[in-house]
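Hi,

Here's the structure I promised to pass on.

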Amino acid sequence: MSAIIVVGTQWGDEGKGRVVDGLAREAQLVARFNGGDNAGHTVVAEGHTLKLHLTPSGILYPTATCLIGAGVVVNPERLISEMDELAALGVDTSPAHLKLSAAAHIILPTHRALDGAREEARGQTALGTTKRGIGPVYADKAARVNLRAGDMARPEHFAERVAESVQAHNRRLKEQYGAETLSPQPIAAQYYEYARRLIPHLVDGSALVGRALAAGKTVLCEGAQGLLLDLDHGTYPYVTSSSVVSGGALAGLGFGPQQVSRIIGVVKAYTTRVGAGPFLTELLDETGEQIRKVGNEYGTTTGRPRRCGWLDLVILRYAVRVNGLDELALTKLDVLSGLEQLKIAVAYERDGERVQPSVAEYFPAEFGVKALAEWRPVYEELPGWADDITGVRDRADLPAAAQEYVARIEELVGVPVTFIGVGPEREQAIRQ
Ligand code: IMP
């Protein structure tokens, strides 16, 4: 009986898919608990590189059943196209292997249109969303007007309700934003077909997880995005609309906290962010450009260049507290190779003073982005390393400066690093 939760500790794109992929071989169920097709991870199957947005990262392991949980919002068109792409490569996406919680909410094209219209209306203050309809569909979830995956069980009725929802969204598009409306009938017809296709995949997700845990199986809970994009604990309003933290796994999948055996926080060796909002350690210089280039820091979902900066341990300590992290998985350490000097933010200061008590433990998210703008990072400098580390498989074989970098993170954050990514390939990692 054990659930392992994997969460992002920064602004997403930490390489969670990679870490989940490594753990999935020992899991019997891999379950995604939040977000929608705003997320993206890259998988390599049969020599083909696929960008997946909804399908859990465990899909390549025939031994693990995959579940899209109740906390996820589903674009059925995307899900079906991913299933088709994977199936073409010989990956099992049958209902026996890939399951969809009946309580997951359904994204309509008009949710996407509303996302785009709202961003446009915001002008200069746009959030930089992925325009996948995430904000509007979670808003409709809270307003209790959405369709859920379970509604697809009666396709005719589902299609009728799709048409009604599209009409309701159209009114908002027209009246609130003066935006183009979408024709309800073709969408209803499309969603009828999606429903017929997805019915065999529908399950009671919470019951599936509960049965697996009761049978002593390992359930791997896969989070999307990262702590600072969390709706409650992130840099609001520059956040996504779901619960990204470890607690979100319990709510999003429907099981209790006593079942959790490990909580793993994934942290990139530096920091990136896509979209607008505060980023204290952002590098707007050549070093930032080098990290972006070497780390290939361009969005999986939107292709946008990611903003890059130094690692921020104030954020990481915040992530440890909010998620109850037991372990850290440090990714992309190899990207820092070749930088002469490295910096890590160890605290923040305001008006030239480190404000006590214990600013070091404090990430000022709750008072909003205006308060955050008053803070500056306090850096510690560490030596860099020149050597290529992509072939290293034992932590003791890393250059001394790289070992020091990892050890300093552990020391200042108080959580062990149990995984170090030293290259993009599956085997390019140090595990302990
Ligand atoms: P939304 O989730 O599309 O509403 O976008 C809200 C914010 O979250 C934007 O800044 C997006 O760039 C960011 N975001 C959403 N999903 C991801 C992700 O998977 N990685 C990184 N940023 C993301």
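Keep in mind that this is a predicted model. I started with the second largest pocket, where α1 gives the largest share of the lining, three residues. Along with α1 (16–24), the strands β11 (260–268), β15 (327–331) and β18 (417–421) each put in at least two residues. If you want to click through the lining, go to V19, G22, L23, R262, I264, E327, A329, T418, F419, R431 and Q432. Sorted by class, that makes five nonpolar, three polar and three charged residues. The volume of this pocket comes out at about 180 Å³.

So where does the second largest pocket sit relative to the domains? Domain 1 (2–101 + 203–264) and domain 3 (268–431) both contribute to its lining, so the pocket lies between the two.

Next, a helix pair. α2 (residues 76–88) packs against α6 (residues 184–198) at an angle of about 50 degrees, and their axes are 10 Å apart. Angles from 65 to 115 degrees would count as roughly perpendicular and those under 35 as roughly parallel, so α2 is oblique to α6. The crossing of α2 past α6 is left-handed.

Two backbone details to finish. Y236 and P237 are joined by a cis peptide bond, with omega at about 5 degrees. You'll find P237 in the loop that runs between β10 (218–226) and α8 (246–253). Within strand β10 itself is Q225, a residue that has a positive phi of about 60 degrees despite not being a glycine.

Cheers

How values were computed:
Residues numbered from 1 in each chain as written. Predicted model: local features only at pLDDT ≥ 70, side-chain atom pairs only at ≥ 80, totals over all residues. Heavy atoms only, no water. 1 Å grid on protein atoms, 1.4 Å probe; cavity = no way out; pocket = protein on both sides within 12 Å on 5 of 7 lines; lining within 4 Å. Points joined across faces, edges and corners; volume = space filled by probe spheres on them. Helix = DSSP H or I, 4+ residues; strand = E, 2+ residues; numbered from the N terminus. Nonpolar A, V, L, I, M, F, W, Y, C, P; charged D, E, K, R; others polar. Domains from an automatic or database assignment. Axes fitted to C-alpha atoms, helices over the stretch in contact; angles between N-to-C directions. Parallel < 35°, antiparallel > 145°, perpendicular 65-115°, else oblique. Left-handed = near helix turned anticlockwise from the far one by under 90°.
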